[in-house]
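Have the sequence and the 3D view open as you read.

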Amino acid sequence: MATTARSGGNASGSSAQRPNGTQQNKNCQFKLVLLGESAVGKSSLVLRFVKGQFHEYQESTIGAAFLTQTLCIEDTVVKFEIWDTAGQERYHSLAPMYYRGAQAAIVVYDIQNQDSFQRAKTWVKELHKQASPNIVIALAGNKADLSNIRVVEYEEAKQYAEENGLLFMETSAKTGMNVNDIFLAIAKKLPKNDGANNQGAPAGRRLNDNENNRQTNNCCK
Amino acid sequence: MTNNISSKTITALDDQEALLQRAADEREAIFNRYSLGLDPKNVVDPWENPTFELYHITDKYGFMHDSRLPDTRDSQELQRTKIELERDKKWMKMLANWNPNNEKVRRRVFKGIPDRMRWPAWKKLLNVDELIVANRDKYASMLALARKYSTEVRQIDSDVNRQFRDNVAYRQRYSVKQCSLFNVLNAYSIYNPELGYCQGMACLAGVLLLFMQEEEAFWALNQLIIDRKYAMHGLFIEGFPKLTRFLEHHDRIMSKMMRKLHQHFMKHNVDAILYSIKWFFVIFVERIPYSLALRVWDIYLLEGDRVVTAMAVTILYLHKHELLRLNDMDSIIEYLQVKLHKNFGYNDDYVIEALERMMKKLKDLKLDVAPPAKANEFPVRPLGQFIEADIEKKIGRRRSEYTDNEKQVITDVILRSEQNAVEVQSTMSYETSECATGDAYSMKTYRSITSLATSPAVSSYSLYSNGFVVTTNNKLYNNDIDNNTTSAYNNGHNNHGNNYNSYSHNYRHSNSYSYSHTMLPLQNHTDAEVDYGHVDDLPPEFNENDANVDDDELSVQNTRL
Ligand SMILES: Nc1nc2c(ncn2[C@@H]2O[C@H](COP(=O)(O)OP(=O)(O)OP(=O)(O)O)[C@@H](O)[C@H]2O)c(=O)[nH]1
Ligand SMILES: [Mg+2]
């Protein structure tokens with residue numbers, strides 16, 4: 001997967017530089033939200049993707065955290081605005097605030113925890129009902145490094161993902177396996193056609209995204 | 001939630017038995033591990049235990065840092081240690097004749113409780129010793145019940161495993177403090193079943209336990225949650241009613257005192273809920289440097305939740321110019337969530353002085369206290385009476401529907417951001433200078449705000465499909481149970497004009513809140529530089545400009561009114 005694409009990785013600064021009319025790069029910005037049961041590794045996935053690190057003692061998320069990361073796909077610079085939400089059920093009511101207007105979501109479960117997989121399914125249902133109709137959803141079976149003690153079978157999750165039109169990968173925030181790849185796969189699936197906005201100025205973009213305008217809702221030139 | 005049990009088949013009931021058993025086994029297993037604590041029989045996955053790296057430097061609060069702390073700290077530290085020794089003596093005397101209403105106490109708390117005195121001082125401020133005497137054996141019995149009945153074990157366990165692992169006290173898996181934290185939180189979830197456990201409480205208890213013993217921390221936590229002065233119950237219960245109330249109040253202050261910044265935030269969709277949850281939930285821990293957070297805690301424990309309101313505004317005030325220069329949402333949020341934690345840019349004393357002045361200013365403007373709480377922010381049933389959880393909770397099954405409470409939150413949260421947008425829009429149309437230039441940037445902003453404000457069909461799309469109804473906003477302050485508070489809120493949301501007039505009056509004729517040169521002596525710059533390596537957010541024109549900026553804002557508003 002994603003052999004032609006190069007992750008911005010840690011060098012996001014260079015890939016994000018603004019072309020001054022000389023290059024033909026397109027700049028796109030997407031809002032992405034992470035959802036899933038507490039302790040499945042949402043924050044860890046984001047940390048791995050954004051900083052290339054893994055902390056065993058990653059602090060639990062209160063409310064939500066916000067980070068950004070930039071990827072390059074061929075001639076397009078894709079910037080993700082990432083909202084990492086808190087997994088405890090009590091924070092569930094704040095989630096719509098974060099997935100409202102999101103163009104992409106990663107729903108995470110822990111492959112050693114059946115409940116977290118059920119929970120992931122509930123999130124997918126909610127997104128299908130409540131989020132933007134054209135949202136790109138990826139399912140991530142995290143902690144794949146612990147696959148010797150897995151409870152959720154790969155095939156089972158894959159089949160579920162196919163039936164529901166989701167991207168699917170098993171990931172490991174710990175080893176880094178498939179972490180960049182899942183973000184890349186999402187970036188590829190998102191529409192990157194030229195839109196009305198220019199310069200990638202962020203103002204207003206999110207709000208416009210609420211409109212059900214499929215053509216122009218998320219890209220900038 | 002258990003009422004449709006009749007529709008379940010026998011197998012489902014068997015399943016339920018199995019699920020209950022599974023939950024019980026899990027609870028038992030987790031508790032056993034904490035009982036064993038550091039016993040070598042307690043086998044810990046190697047990955048659960050970060051190795052001790054001795055080259056790490058541990059600061060005086062026990063937090064470890066990646067590199068050596070700068071040497072420059074040493075001389076300063078020495079100086080401070082000297083001062084603290086003097087203060088210790090004064091505090092010992094003061095604690096012996098404790099009277100929290102004494103002006104001397106107040107003054108000294110604002111100066112910062114000396115580190116060694118925090119244990120006795122916090123206990124006094126939170127009435128801990130009295131509570132322990134009055135509730136003999138209560139903690140032990142709650143803990144025993146938790147062992148049998150806690151439904152929050154799994155969440156608490158996974159949060160304890162992640163709380164302050166960069167502090168020596170919590171670094172080792174099942175260390176004494178980790179076990180205490182686990183116990184306190186589980187016992188508390190039984191003691192206050194309407195609250196249970198909410199992420200964020202581990203952080204509060206975690207801080208308390210750095211200064212107290214287990215049982216003391218339990219009662220201290222209870223004070224923070226129950227005592228009307230702090231009333232954090234309403235922050236952490238389902239639906240977060242107090243959070244909503246405080247955010248509304250925060251917005252209100254922003255729109256009156258820092259209009260420009262407020263509009264700047266709205267322009268970039270930076271709703272307060274996105275940056276301030278930790279400010280309210282854990283009193284700034286991990287959002288500002290730990291030493292400063294402790295200073296804020298000192299004052300919070302003395303004065304209660306108005307401190308949080310004031311500190312939130314103080315942070316934004318002190319960093320206003322920097323924030324105004326940041327032109328997108330991610331840099332603004334990054335600044336508030338990450339940068340200020342690493343380097344606040346001002347030394348602690350300076351910030352606390354600013355906080356004190358802000359508290360005074362808010363008081364003058366009658367904005368120091370948020371509108372009164374509704375009944376739903378407080379527990380209904382008496383505390384400490386054991387109630388067995390329902391089956392769903394025991395099994396740990398998730399609800400798939402939002403409760404009415406939650407629907408209300410979603411509606412409130414979204415409404416609030418839309419109101420803000422409307423307000424900004426209405427102001428912007430008067431800010432001809434900004435709009436008339438017609439540059440792509442402001443035009444786009446304008447358009448986007450319009451799209452949000454004027455097309456509810458679009459913005460409320462998701463709400464309607466879930467059966468939420470977005471109502472108009474005048475209800476906001478009308479249902480207060482506590483009508484005896486005569487605040488600016490009694491007339492609801494619509495007396496902007498009046499409030500505003502008194503505000504501008506105060507503002508223009510009062511000097512109490514001007515950050516004049518004398519309040520930001522050059523020496524502070526130097527201090528800060530020594531302290532933090534570099535300071536890039538003290539614009540040279542900080543002081544004079546400040547008054548001007550706000551004056552501009554006022555005149556803009558005057559035109560509008
Ligand atoms: N072995 C392994 N452990 C992981 C992996 N990802 C995360 N973890 C661990 O799982 C625990 C929870 O990870 P977090 O990233 O904090 O989980 P979260 O989903 O953000 O949890 P909340 O913030 O509570 O919603 C941490 O102790 C991580 O170290 C992984 O890929 N493999
Ligand atoms: Mg997290």
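## Around the ligand

Ligand 1 has 25 residues around it, and the closest are S38(A), S44(A), G87(A), D145(A) and R162(B). Keep in mind that this is a predicted model. Chains A and B both supply residues around ligand 1, so the two chains share the site.

Which element gives the most to the shell around ligand 1? That would be helix α2 of chain A, residues 42–51, with three residues. Sorted by class, the shell holds 12 polar, seven charged and six nonpolar residues.

## Contacts with ligand oxygens

Now for some polar contacts. In S38(A), a side-chain N or O atom sits 2.7 Å from an oxygen atom of ligand 1. S43(A) also uses its side chain, with a polar atom 2.8 Å from a ligand oxygen. For A39(A), it's a backbone N or O atom that lies 2.8 Å from an oxygen atom of ligand 1.

How much of ligand 1 does the protein bury? On its own the ligand exposes 650 Å², and 98% of that is buried by the protein.

## Cysteines without partners

The disulfide count over all chains is zero. A pair would need its sulfur atoms within 2.5 Å. Take C72(A): the closest cysteine sulfur, in C28(A), is 11 Å from its own, which is too far for a bond. C72(A) counts as buried, at 10% relative accessibility.

Over in chain B, C179(B) is buried too, with a relative accessible area of 9%. Its sulfur is 19 Å from the closest cysteine sulfur, the one in C203(B), so that's too far for a bond as well.

Technical notes
Residues are numbered from 1 along each chain as its sequence is written. Chains are lettered from A and ligands numbered from 1 in the order in which they are written. This is a predicted model: local features need pLDDT of at least 70, side-chain atom pairs count only at pLDDT 80 or more; totals for chains, interfaces and linings use all residues. Side-chain values use heavy atoms; hydrogens and water are left out. Buried means under 20% relative accessible area, exposed over 50%, partly exposed in between (1.4 Å probe, protein chains only). A residue is near a molecule or strand if one of its heavy atoms lies within 4 Å of it. A polar contact is a pair of N or O atoms within 3.5 Å; within protein, one must be able to donate a hydrogen and the other to accept it, and residues adjacent in sequence count only if both atoms are side-chain atoms. Accessible areas come from the Shrake-Rupley method with a 1.4 Å probe; for residues, only the protein chains shown count as cover. Helices (H or I, at least four residues) and strands (E, at least two) are DSSP runs, numbered from the N terminus. Ala, Val, Leu, Ile, Met, Phe, Trp, Tyr, Cys and Pro count as nonpolar, Asp, Glu, Lys and Arg as charged, and the others, Gly among them, as polar.
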